[in-house]
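Student: I have a new structure to look at, and I would like to learn how to read it. Could you go through it with me?

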Amino acid sequence: MVVLAAGALLSACQSLIEQTYEPTVSPSSNPQIVAEVQKNDPRAQLGAREHPRIVASYGGEYRDAKTERLVARITGALTAVSENPQQSYRITILNSPAINAFALPGGYLYVTRGLLALANDASEVAAVLSHEMAHVTANHGIQRQQREEAEVIASRVVAEVLSSDLAGKQALARGKLRLAAFSRNQELQADVIGVRMLGEAGYDPYSAARFLDSMAAYSRFTSVDPEADQSLDFLSSHPNAPQRVELARRHARAFGPEGTSGDRGRDYYLAGIDGLLYGDSPQEGYVRGQTFLHGQLGIRFDVPMGFQIDNKAEAVLATGPGEIAIRFDGIGDANRRSLTDYIASGWVTGLQPDTIKPITLNGLEAATARASADRWDFDVTVIRIDDRIYRFLTAVPKGSTALETTASHLRNSFRRMTTSEIQALRPLRIRVVTVRPGETIATLASRMMGTDRKLDLFRLINAMQVSSTVRPGDKVKIISE
């Protein structure tokens, strides 16, 4: 999807779109496209080099004409009030359930479908995109790259000259703190610019603070141990959430009290994301509660209760109480080597060779072993299906008694899926429904699929508090097939 901001031409383009089609109107013989506008822009060339890597690491592009038009509409409104109206933008919806958005130099903007699913109106997505557009117009990407390159050089010199000296370690630490502070200043500057763009584009200027609250709530929801998770206050690259929320609200007040200015664009936004793919894509398998299922590979397994599964493109990760971590992936094995030989082939650090043994799991050839490194103990389990080897790596703090019980649970639950299970497996989607008379938050939440925390997730994706209620005619999001 491509959006081109051309200053004064933008309003004319918008009026043409709204007019009735006339057969005498023909396409321009010299159309203005992003690739042409950006061809001599060194910043755009930097973004273009990184673009394929970004898209690949986030599961590819999400293609849906209705959703793409929605995001293009929001971006188009923002370009007219940006710091640099001549800046062109290329915006990509990433096929990832992660809640993320970012920018590359030269106007490359990215937003995940996971973020679109969490947002409840157009102004919230506009808040995210205006923040990222501010990074572009302020050249933060270029500044960050230059600062990082300088810091790498300084770190190398310090490490070589003062490697065994306490002063050297302190110098390295100070360098990292300077880099972190620089990034925080960039983020805060982008927040200020973004809120201004929101208000001037006619969107609700308070949506930035509102959506920051929603993202913080989602982070707490997905955390295995919310009390121990400090990610919301981690200052290496972003200011903490409370600071950003207060800053956003303070700058929004310039447009008036909350609820008195700007449009949220809720109705057309919900129409644009109705049917949006939610959670995992079919190519990467599905997470259903404590179970991972992959219909195309025909496999499934369960993690113990209390564990949180994170299905990434390169592997399935799971974390649980007591600092237990699980990694699952698969590799091709056309040579069909012995599984015990494969475990011993050098890819496992700290392997204890005398623990390698062949086993059978639910009729499948398998092998296990133990390893130990630093402060961790590991269980390694490999399973063969046809010409693929599937690998479980379970890590626990050294000496933990949970290693065998966790690894055993994984091993014993791994099996082939039945034909009926594969046929019944469908992706989850955002469905926008209208509240009917007699319906409550509880009855609506009971229709949610793909989670055992239905009420909590329903409130989360609809930005509802414990005290919130619904009325007949309201539109709300649910997750179902």
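Student: How many helices and strands are there in the chain?

Tutor: The chain has 16 helices and 18 strands. Helices (H or I, at least four residues) and strands (E, at least two) are DSSP runs, numbered from the N terminus. Keep in mind that this is a predicted model, where local features need pLDDT of at least 70, side-chain atom pairs count only at pLDDT 80 or more, and totals for chains, interfaces and linings use all residues. Residues are numbered from 1 along each chain as its sequence is written, and side-chain values use heavy atoms, with hydrogens and water left out.

Student: What share of the residues in the chain is buried?

Tutor: Buried means under 20% relative accessible area, exposed means over 50%, and partly exposed is in between (1.4 Å probe, protein chains only). Of the 481 residues in the chain, 45% are buried.

Student: How do I read the two faces of a strand, and which residues of β7 are on each side?

Tutor: In a regular strand, side chains alternate between the two faces of the sheet. Take strand β7, residues 291-294: T291 and L293 lie on one side, F292 and H294 on the other. These four residues are all buried, and both faces of β7 are covered.

Student: Which sense does the pairing of β6 and β7 have, and how many bridges are there?

Tutor: Two strands pair if DSSP finds at least two bridges between them. Strand β6 (residues 286-288) is antiparallel to β7, with three bridges. Within this pairing, R288 is opposite T291. The two strands form a hairpin with two residues between them, and G289 in the turn has a positive phi of about 65 degrees.

Student: How many bridges join β7 to β8?

Tutor: Four bridges do, and β7 and β8 (residues 299-302) run antiparallel. Here H294 is opposite I299. This hairpin has four residues between its strands, and G298 has a positive phi near 75 degrees.

Student: What describes two packed helices?

Tutor: The angle between their axes and the distance between the axes. Axes are lines fitted to C-alpha atoms, for helices over the stretch in contact, and angles run from 0 to 180 degrees between N-to-C directions. For helix α4 (residues 65-79) and helix α11 (residues 266-273), the axes come within 8 Å and cross at roughly 145 degrees.

Student: Which residues of α4 and α11 meet?

Tutor: Contact means heavy atoms within 4.5 Å. From α4 come K66, T67, L70, R73 and I74, and they meet Y268, Y269, A271, G272 and I273 of α11.

Student: How many salt bridges does the structure hold?

Tutor: It holds 26. A salt bridge is a side-chain nitrogen of Lys or Arg within 4 Å of a carboxyl oxygen of Asp or Glu. One of them joins E50 and R53 (2.7 Å, N to O). Both residues lie in helix α3 (residues 42-57), three residues apart, about one turn of the helix.

Student: Which residues are linked with D204 in a network of salt bridges?

Tutor: The network links D121, E124, R210 and R264 with D204. D204 meets R210 in a salt bridge (2.7 Å, N to O), and for D204 and R264 the closest N and O atoms are 3.3 Å apart. The pair of D204 and R264 links distant parts of the chain, 60 residues apart.
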